[in-house]
Amino acid sequence: MMIKFRLGILKGYTDNYKQYILSCKEMGIMYEVIDILSCNWIELIETSNCVGFLCGPPCEFQEWKTIYDERLYVLNKIMKKPIYPSFDELYIYENKRLMSYWLDLHNYPRPETKIFCRKADFLDFIKVNNIYPLVFKTNVGAAASGVKIIKNKRTAISLASKTFGIVNPHFALGDLKFIKGKKWTFPSFGSIQKHYLIVQKFEEIKWEWRIIKIEDSYFGHQKLLKGNFASGSSRVGWHKPPEELLLLVKDICEKGKFDSMAVDIFERNNGTYLVNELQSIFGSYDDAQMYINGHPGRYLFKNGQIHFEEGYFNIYKSYLLRVKHFVNILSTGKER
Ligand SMILES: Nc1ncnc2c1ncn2[C@@H]1O[C@H](COP(=O)(O)OP(=O)(O)O)[C@@H](O)[C@H]1O
Ligand SMILES: [Mg+2]
């Protein structure tokens, strides 16, 4: 297929634009790299002559994500330029509060979650619910970097004081985390988050399933636990994903009109499932994100049946599939 149009690749806080470049080159698509963080980014977009823009939002700091979200809002909602993945799924991405409302509204099974915007509400909650451990999460953060398991009321109250301030929000210091570098451990002042608490019931899990959907391709594997956390463990179980989960993810993506989505699902000790996370952008370090009996491949839905196709489909960290999907959307004018 000869593709005549030009795609814009947004260069932001992360390196994933390089994977978009490799994918466009492989497909013979003209592209232009646009510095979305530039002061004159609007002018760069307006003069670029691109029909659509490939995005890669950050996951590290709340402010970075907010800045990126705002620029995508202007680009997609006001300037009416097509973007990939869709605005809605990128808005939910790295926003555990918003993701929680979305899952709640659509009634998907998930860990019981409470989001507190007032200290008094949280203190009332722990007065009545004396159940520990409790899981606390920051709004952004990957690889379990913002997740804490709190074992008692005293620590929970101390966390609330840091988050909301002792007597006044002006005194909110936030919870400082420490990052392990190669030589030193250092305080990450840049990732302190304040003025809300995301609290979850602790679930005993066997492992987490990661089910991926990009366009019509589906993949699945297990994320195994290291200590309390599956996220960031780098331990993978290449086992056949349950069909029930593929169907669940299909349903989620249809409901949300999601283009590219990794859904992380807890498998509990009793065999039931809970949706933990939705991530439109996700890490994939292997050219296949699923192996069935040692064979790499993907699942496709055809005439209501799930069908396995062997091959390596996650080239360039799954970005090739994303670019193919975007090209399909733009050339067919398909409704998403
Ligand atoms: N409610 C919970 N109960 C038990 N373990 C949890 C819960 N929530 C998260 N975890 C553990 O913490 C890990 C990281 O949490 P997650 O919400 O996926 O954050 P991240 O965005 O850092 O991946 C999960 O992979 C899981 O192992
Ligand atoms: Mg996770």
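Predicted model: local features only at pLDDT ≥ 70, side-chain atom pairs only at ≥ 80, totals over all residues.
Y91 has 39% relative accessibility, so it counts as partly exposed; that label covers the range between buried (under 20% relative accessible area) and exposed (over 50%), found with a 1.4 Å probe on protein chains only. Residues are numbered from 1 along each chain as its sequence is written, chains are lettered from A and ligands numbered from 1 in the order in which they are written, and side-chain values use heavy atoms, leaving out hydrogens and water.

**Aromatic pairs**

- Let's stay with rings: a pair here means Phe, Tyr or Trp rings (the six-membered one for Trp) with centres within 6.5 Å, called stacked if the planes are under 30 degrees apart, edge-to-face if over 60, and tilted for the rest.
- Searching the whole structure turns up 14 aromatic pairs.
- F87 and Y91 are stacked, because their ring centres sit 5.5 Å apart with the planes at 25 degrees.
- Both belong to helix α4 (residues 87–92), and being four residues apart there puts about one helical turn between F87 and Y91. Helices are DSSP runs of H or I with at least four residues, strands are runs of E with at least two, and both are numbered from the N terminus.
- W102 and F258 make a tilted pair, since their ring centres are 5.1 Å apart and the planes meet at 45 degrees.
- That pair ties together parts 156 residues apart in sequence, because W102 is in helix α5 while F258 is in the loop between α8 (243–256) and β14.
- W102 is buried at 13% relative accessible area, and F258 is buried too, at 3% relative accessibility.
- Elsewhere, ring pairs join F116, F122, F125 and F136 into a cluster.

**Who does W102 touch?**

- Contact means heavy atoms within 4.5 Å.
- Setting aside neighbours within four places in sequence, W102 is in contact with I92, Y108, I252, K255, G256, F258 and L278.
- W102 and I92 are ten residues apart in sequence, with 8.3 Å from C-alpha to C-alpha.

**Nonpolar cores and a surface patch**

- In soluble globular proteins, nonpolar side chains tend to be buried together.
- A nonpolar core is a set of buried Ala, Val, Leu, Ile, Met, Phe, Trp, Tyr and Cys residues joined through side-chain atoms within 4.5 Å.
- The largest core has 64 residues, and L7, L10, L54, L72, I252, I265 and L278 are the ones touching the most other members.
- Not counting residues up to four places away in sequence, I252 touches W102, Y108, F258, V263, V275 and L278.
- Another core lies apart from that one, with 14 residues, including F116, I126, L159 and F164.
- On the surface, I166, V167 and F171 form a nonpolar patch with about 360 Å² of accessible area together. For a patch, residues need over 30% relative accessible area and no salt bridge, with nonpolar side chains (Val, Leu, Ile, Met, Phe, Trp, Tyr) joined within 5 Å and like charges within 9 Å. The areas come from the Shrake-Rupley method with a 1.4 Å probe, and for residues only the protein chains shown count as cover.
- I166 sits in the loop between α7 (153–164) and β8 (178–180), and its relative accessible area of 62% makes it exposed.

**Salt bridges**

- A salt bridge is a side-chain nitrogen of Lys or Arg within 4 Å of a carboxyl oxygen of Asp or Glu, and the whole structure has 15 of them.
- K96 and E277 form one (3.3 Å, N to O). This pair links distant parts of the chain, with K96 in helix α5 (residues 96–105) and E277 in strand β15 (residues 273–279), 181 residues apart. Both K96 and E277 are buried.
- R268 and E203 form another (3.3 Å, N to O). R268 counts as partly exposed at 21% relative accessibility, whereas E203 is buried at 13%.
- K223 bridges to D264, with the closest N and O atoms 3.0 Å apart. K223 is in strand β12 (residues 217–223) and D264 in strand β14, 41 residues apart, and both are buried.
- Salt bridges with shared partners also join K148, K162 and D175 into one network.
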